[in-house]
Amino acid sequence: MARLENEFAWSISRDKRLRACARQYWFQHYGMWHGWEDGAPQRTREAYVLSKLKGRAAWVGIRVHECIARSLQNLRRGQEVLPVDEILKIVRGEMRTDFANSRRRHYRAAPKKYVGLFEHEYDLPVPDVEWKRSAELADECLRNFYASETFARLRSLPKEAFVEVEEKRTHFTFEGVKVWASLDCAVREADATIIYDWKTGDAGENHSVQLTCYALYGSQAWSLPPDKMRLVEYNLRGGQPREYGITPKEIESVQAYIRGSIADMRALLEESARNTPRPEDAFATTDDDRTCRRCNYLKICPRGGQILPAMRAPPAHDTV
Ligand code: SF4
């Protein structure tokens, strides 16, 4: 089988990572590459295993998104959705299994098959009440979703109205560069296509670039003009759906942003055509400890030695 090539592609998460820490960006997009192959160098393999870790918040988000996607895929097939209590029981079961497998470090041998939790990998002293809170948060997000007007509306649509539900590896092309854009859900209603994005994190962050990227995707994938699309972000932690406008000015500004971000990324390449990065040291480490404390690569980054001991200290109330 041909060796997988590391093709340059832009995404909002790639952009965020570069802005947070160039070294983390290097690990995620270059340092771990081919780490899945038998006989990979030890550090490359380690970077690959670490690249798959999920913090508690991301883990909750993934399980909630997967659950909603299953329900919407059922609606798309014309099947009924399970009662909410049964849905919550299934998700609780999945999270329990994830937790047990992660604590046993199964992800170390099979990082794609098993969830690996950041807190387990780094032996962080997380009180049981915090783990319980993660499970409760998943319940809360799902209860909010299934009781929402948005879900009632989606449920009332004919199956033909569903355009996309969490399709994998969807993308569009911007000035010759592949741009990843993975939509949570898109449906056709009356004369507009509505693109939904579920959020499970703290409300307050502005996601207009991400949502406008979805509109750019929609205009290529479905040949739709902006005025035939609506973008709805729904924070499942009790927030209300929020609609973003798609004006030509907003589209131009997001295109300019992507163009600038691609130029920044390419400036870190030795050979642009082959996506060959400059040496690891050319990717600066951040000095923002808060970013490091959430970074998967602490173990193999020169900054890890300074940050990890403080992270592993027991919480103050456990020491008295
Ligand atoms: S530990 Fe800190 S400096 Fe190192 S890669 Fe992660 S975020 Fe960057």
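**Ligand shell, helix packing and a strand hairpin**

Helix H2 contributes the largest share of the shell around the ligand, three residues. The model is predicted: local features require pLDDT of at least 70, side-chain atom pairs count only at pLDDT 80 or more, and totals for chains, interfaces and linings use all residues. Residues are numbered from 1 along each chain as its sequence is written. Helices (H or I, at least four residues) and strands (E, at least two) are DSSP runs, numbered from the N terminus.

Of the 14 residues around the ligand, those that come nearest are Cys21, Thr285, Cys292, Cys295 and Cys301; a residue is near a molecule if its C-beta atom, placed from the backbone, lies within 6 Å of it. Two or more residues of the shell are given by helix H2 (22–31) and by helix H11 (289–292). By class, the shell holds seven nonpolar, five polar and two charged residues (Ala, Val, Leu, Ile, Met, Phe, Trp, Tyr, Cys and Pro count as nonpolar, Asp, Glu, Lys and Arg as charged, and the others, Gly among them, as polar).

Helices H4 (residues 56–76) and H5 (residues 84–103) pack at an angle of about 140°, with their axes 11 Å apart. Axes are lines fitted to C-alpha atoms, for helices over the stretch in contact, and angles run from 0 to 180 degrees between N-to-C directions. The contact is made by Trp59, Arg63 and Cys67 of H4 and by Ile87, Val91, Glu94, Met95 and Asp98 of H5 (C-beta atoms, placed from the backbone, within 7 Å). Five nonpolar, no polar and three charged residues form this contact.

Strands S7 (residues 229–235) and S8 (residues 241–244) run antiparallel and are joined by four bridges; pairing requires that DSSP finds at least two bridges between two strands. Leu231 has Tyr244 of S8 as its bridge partner. The two strands, S7 and S8, form a hairpin with five residues between them, and Gly238 in the turn has a positive phi of about 90°.

Definitions and conventions:
Contact = placed C-beta atoms within 7 Å.
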